[in-house]
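Visitor: I would like a close look at a single part of this model, taken slowly and with the residues named.

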Amino acid sequence: MRVLLAEDEPHLSAQIKRLLNAEGRVVDTAQNGLEALHLGSTEPYDMIILDIGLPERDGITVLREWREAGVSTPVLILTARDGWSDRVDGLDAGADDYMIKPFHMPELAARVRAILRRQSGQLSAVIEMGDVALDTKTGRVTVKDVPVDLTAQEIAVLTYLSHNRGRLISRTELSEHIYEYDGDRDSNTIAVFITRLRKKLGSDLIKTVRGRGYMIDTD
Ligand code: CA
C-alpha cells in the first residue's frame with residue numbers, strides 16, 4: 001500500500017516514514033502544500049497523511065482542492081493540540097480521521113491500518129484467504145498456521161492484492177502501489193514476486209489472467 005506523507009517538519013516526517021516502511025508500506029513525502037497537492041492529484045495513493053500547518057499552501061486548502069477535483073483517497077490530518085477549529089474545518093473539508101500533535105507513533109500506525117482496512121471493506125486485522133493468513137498489523141504471513149518468510153516486496157504485493165480481493169489488478173496498477181514515486185519501477189519484476197509468492201504460499205492463491213494481471217478470489 002502506498003502512502004503520501006505531507007509534513008514539513010523533517011524529523012517528524014522521517015520518523016513517520018520509518019514507522020510506515022517498517023509495516024511494509026511505501027511512502028512518498030511532500031514538504032509543502034503545493035508539492036502535496038500535485039502528488040495527491042496525480043499519483044494513486046491508498047491513503048494520505050496531511051499536516052494542516054504546511055508552508056506554501058495550508059493543509060485544509062489542499063484537502064478542499066483534492067475533494068473538489070474528485071480525489072477520494074482517504075486522508076488523515078495532523079493538527080496542533082489547540083487546533084480544534086482546524087479539526088472541524090478538516091473533517092468538513094473531507095478528512096477521514098485526525099491526529100493531534102504530539103502523538104504516539106503506535107497510535108498513528110493503528111489509525112493508518114484502520115483507514116486502509118475500512119477502505120478495502122476489511123473488518124479484522126488478519127486477512128484469511130484459504131490456508132493463507134496475512135496479519136496486517138505485523139506483516140506476518142502464515143500457511144496453515146505455519147509462519148512463512150517473505151521479503152518486504154513480497155509482503156507489499158500480497159498486501160495490495162489481498163486488500164483488493166475479487167478485483168483484477170494489472171501489473172501497472174500493482175507497481176504503482178508497491179513502489180515509491182522515484183522508485184525503480186520494473187513491471188517485469190512483478191512477475192518474479194508473483195512466482196516467489198506462489199512457491200511460498202501455494203500455487204492456487206494468486207490467479208493470473210494472461211496479459212491482463214493478477215487476482216486473489218474472495219472466498
Ligand atoms: Ca507543520
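What is the order of the strands in the open sheet, and which pairing do they have?

Guide: In this predicted model, the open sheet consists of 5 strands in the order β2-β1-β3-β4-β5, and the pairing is parallel. The edges are taken by β2 (26-30) and β5, each of which has a single partner strand, so one side of each is left without a neighbour in the sheet. From one strand to the next, the twist averages 20°.

Further in, β1 and β3 run parallel and are joined by 4 bridges, and Leu-4 has Ile-48 of β3 as its bridge partner. Asp-8 lies in the loop between β1 (2-6) and α1 (10-22), while Asp-51 belongs to strand β3 (residues 47-51), so the pair ties together parts that are 43 residues apart in sequence.

At the edge formed by β5, strand β5 covers residues 97-100 and includes Ile-100, a residue that is partly exposed, with a relative accessible area of 32%. Together with Leu-91 and Tyr-98, Ile-100 makes a nonpolar surface patch of about 220 Å².

Note on methods:
Residues numbered from 1 in each chain as written. Predicted model: local features only at pLDDT ≥ 70, side-chain atom pairs only at ≥ 80, totals over all residues. Heavy atoms only, no water. Patch = residues over 30% accessible without salt bridge, like charges linked within 9 Å, V, L, I, M, F, W, Y side chains within 5 Å. Areas by Shrake-Rupley, 256 points an atom, 1.4 Å probe, with all protein chains shown as cover. Salt bridge = Lys/Arg side-chain N within 4 Å of Asp/Glu carboxyl O. Helix = DSSP H or I, 4+ residues; strand = E, 2+ residues; numbered from the N terminus. Buried < 20%, exposed > 50% of the residue type's maximum accessible area, 1.4 Å probe, protein only. Pairing = 2+ DSSP bridges. Axes fitted to C-alpha atoms, helices over the stretch in contact; angles between N-to-C directions.
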